[in-house]
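This report describes selected features of one protein structure. Please keep the sequence and the model in view while reading.

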Amino acid sequence: MSAAPALAAPAEAAAVLELDGASKAFGPVQALSNVTLRLRRGQVHCLAGENGAGKSTLIKVLTGAHRADSGSFRIEGEPVTNPTPAALRSLGVQAVYQELSLLPHLSVAENLFMGRLPAHKGLLDRGDLRRRARKALDDVGLNNVSPDAIVERLPAATRQLVEIAKVLTADTVKVIVFDEPTTALTEAESKGLLEHIKRLRDSGVAILYVTHRLEEMFEIGDWVTVLRDGGLSESGPMSEYDEDKLITAMVGREITSLYPDTHKVPGTPLLRVRGLQRESGGPTIDFDLRSGEILGIGGLLGSGRSELLLSLFGATPIVAGEIQVDGKSVKPTGPRTMMNAGIGLLTEDRKVLGLLPELSIRENVTIASLRRGSRHGLLPPQEMSDEADKLLDSLRLRAGSYNQPVSTLSGGNQQKVLLARWLLTKPKILVFDEPTKGIDVGAKGELYTVIGNLADSGLGIIVVSSYLPELLGLADRVLVLKDGAVAGELGRAASEEDVLRLASGGGQRPQSSANGSNGKVDAGA
Amino acid sequence: MPKLLWREPIATTTIRSGPPAEFAPAPPPGGATTAHRVLTVGDIAGRESGGLVVLLVAIGALTLASNQFLTGSNLANLARQVAIFAIIALGQLLVILTAGIDLSVGSVLALSGAVTAQLLVAGWPIPLAILCGIALGTALGIINGLLVTRAKLPPFIATLGMLGIARGVVLVITKAKTVQPLPQSFQTIANGTVLGIPNLLIFAVVIAFAIHLVLTRTVFGRYIYAVGSNPESARLAGVPVRVVTISVYAIAGLLAGAGGVLLTSRLGAGIPTAGTGFELNAIAACVIGGASLFGAKGSALGAATGALIMGVLNNGGNLLAINAFYLQIAIGVLILVAVGFDQLNTRASAGRG
């Protein structure tokens, strides 16, 4: 696919929004450095980059959620002096987010005009509200949606369009930012949404489109800006790019030195998963893991990676399938069962699914092992806290005291606390879901070394990561998921391009891996 | 993403709940002696010191204001007034620590007490009647726990339903009439003394100490805090969240049942309207004692202190012949001040962190 037909020479059109040399740091982490972006009327500008490349930060700067540390920000040539969300909205910068901002229990009309509902002396003018909602819905082609419909009863695609309708009801609409709007949509729904974005473009709105799906960029993009590690990698007309060139621009870098260079011959089989099915009629998954092996699991957002881990850990029920840990069959009836069988899971969302924020560091570490060390239900003796302390010391946890609440730690240190929690349970298999999410580069290196050492000591390791260099740098073998099924398995020599192709379903047939113990590939339903 | 979206840091061990703490005969801060224990004395005293200060100030003021306050008979009286109420508050505390709430304790207390009284009137042996009363309270607590964990009802709703049901049942089975007469030996359980110490006080202290040990020394106690902190994280760390949740409601029911038996014994009659409003008083005691309704913060010592404060204020009010209506206002203000200071502290420490 080449770029959409260029209506005008896009580079010549006046820029509606100009961002020059924008930088933003969060503590020691440089999230955005010296990024320049120009959005033009009637143009779809795609923003590409891996996870963590700075896309979200850039969007937040554009919409006023974050203020750039440096750089200039102009809208129609006028400098933006006070970049707050409200100010930017009134200047015409609107955003449609992947997590919908609609209030699910209210009606469509109320959602569309929330915050500026038509009213006389505090009394709602329902007629006017309905009339204006009707018009806004018609504008986005939702002729058959009633303004009185309750938002949570609408399908995801319709809600996404309602979100767009809401954005269009703003007084001025010069720029619309779409942040991964198709994540929750089916293929056909995505198509419809893209058509709609094209219409918006043709009506003269400048559009910034952020997506992980390359094919969408080629379908609607006029111009593309690629971010890498917070900086500008490349920027140019979409027509100058093909898939390979775009991927190279997103990836192109050597940081393999960060990763442990320890891949020995995998040992005995530790984990055997056969026919794991999460919902009836859904795809089944087979895979194996040997001791001393690091198995990577890749795939796009929503491809079912975290869900696979959670069902492997017994945290979400499965419909069918067999799991063997160290030769023994285990029914994943709950986290406790799997924990006792020797599996530990470090979840992706530490805040929601990992930490006990009010409890101390030490309490957070020992919580999973209390029962093992306990006699007559009393708290385990001193040795366990000493062991926890030793683990924390060896992980070089930086904290004033191990008695302080765990919520006072930084992301990297919190991850170490959770790692210590699971190491204390003496697991055979450790599963990491996005182990370095929200962690700065220094702590990342430490964590990689620890993971490598754990594999060397004979543990089986599974790592899920959206960050491809990390996935390939760590893993001996990579399983790529797509739509909940295994799309293919790649060996150590795999490139990031291979993973992206399998994950986004581009071209290439699934290939058998060279060194995988399980050569079989199950493309599922 | 580099942005860390953590909840603001919460009060650390060095924070005391409220400015009055500065004038306190300071409890030793986060303990040199107990540094190895995960929950230090500092943690506990930290959240309670506000309550302790209020208690000491109230006692001091009453001692000065009334020469009857510090007399043996008044203190025994005070102990009797507070004991049952403290027992209920301790059960409530366990539920609150899991970020739940039990509105049914007052009604369960009345039902357990009335059933015990009816069984005694029917001629059952005293131990058996007591056991049945307490077992009934426990069973109702288990039902609360099942409604919360299995039927996934919000604790507020589940126990609000139980509040109505238990109160209704007690009014039906007693036909809203007082159940008496009760055997004298049953009445001595709550009214008797050992070495001059009221039995009720002994019960309350033993129960408070037991709950304190459970919370600080047992795996179950640690699990209670874990569930209150983040149930999903706790589940993924192998904590049996459902069992823990059901257990705390069962214990709250058990203590409500025990409270009902003791109240019946103390009054010498089963009174169907007994315990009305106890649930709110118990919640107030926990909150004044430093417990957070969001869970995972609070201690047995705190709940007992909270109960004592309310008891002392009531007692002092009586001694000084202050209109009881003003006392209600005072306790209301006290709750707001206690929680307000806690919020201020949390925010202050968040600002520093």
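In this predicted model, seven residues of chain B, namely Val194(B), Leu195(B), Ile197(B), Leu201(B), Ile202(B), Val205(B) and Val206(B), make up a nonpolar patch on the surface. Together they have about 610 Å² of accessible area. Which helix gives the most to the nonpolar patch? It is helix H7 of chain B, residues 199-217, with four residues.

Val194(B), another member of the patch, is placed in strand S1 of chain B, residues 193-194. Its relative accessible area is 42%. Val194(B) is therefore classed as partly exposed, because that class lies between the limits of 20% and 50%.

Four strands form an open sheet in the order S14-S13-S16-S17 (chain A), and their pairing is antiparallel. Strands S14 and S17 of chain A are the edge strands, each pairing on one side only. From one strand to the next, the twist averages 15°. The residue ranges of the strands are listed below.

| Strand | Residues |
|---|---|
| S14(A) | 284-290 |
| S13(A) | 269-277 |
| S16(A) | 320-325 |
| S17(A) | 328-330 |

Strands S16(A) and S17(A) are joined in the antiparallel sense over three bridges. Which residue in S17(A) stands opposite Val325(A)? The residue is Lys328(A).

Helix H9 of chain A, residues 305-312, lies across strands S13, S14 and S16 of chain A. Helix H9(A) runs at about 110° to S13(A).

How values were computed
Residues are numbered from 1 along each chain as its sequence is written. Chains are lettered from A and ligands numbered from 1 in the order in which they are written. This is a predicted model: local features need pLDDT of at least 70, side-chain atom pairs count only at pLDDT 80 or more; totals for chains, interfaces and linings use all residues. Side-chain values use heavy atoms; hydrogens and water are left out. Two strands pair if DSSP finds at least two bridges between them. Helices (H or I, at least four residues) and strands (E, at least two) are DSSP runs, numbered from the N terminus. Axes are lines fitted to C-alpha atoms, for helices over the stretch in contact, and angles run from 0 to 180 degrees between N-to-C directions. Contact means heavy atoms within 4.5 Å. Patches are made of residues with over 30% relative accessible area and no salt bridge: like charges are joined within 9 Å, nonpolar side chains (Val, Leu, Ile, Met, Phe, Trp, Tyr) within 5 Å. Accessible areas come from the Shrake-Rupley method with a 1.4 Å probe; for residues, only the protein chains shown count as cover. A salt bridge is a side-chain nitrogen of Lys or Arg within 4 Å of a carboxyl oxygen of Asp or Glu. Buried means under 20% relative accessible area, exposed over 50%, partly exposed in between (1.4 Å probe, protein chains only).
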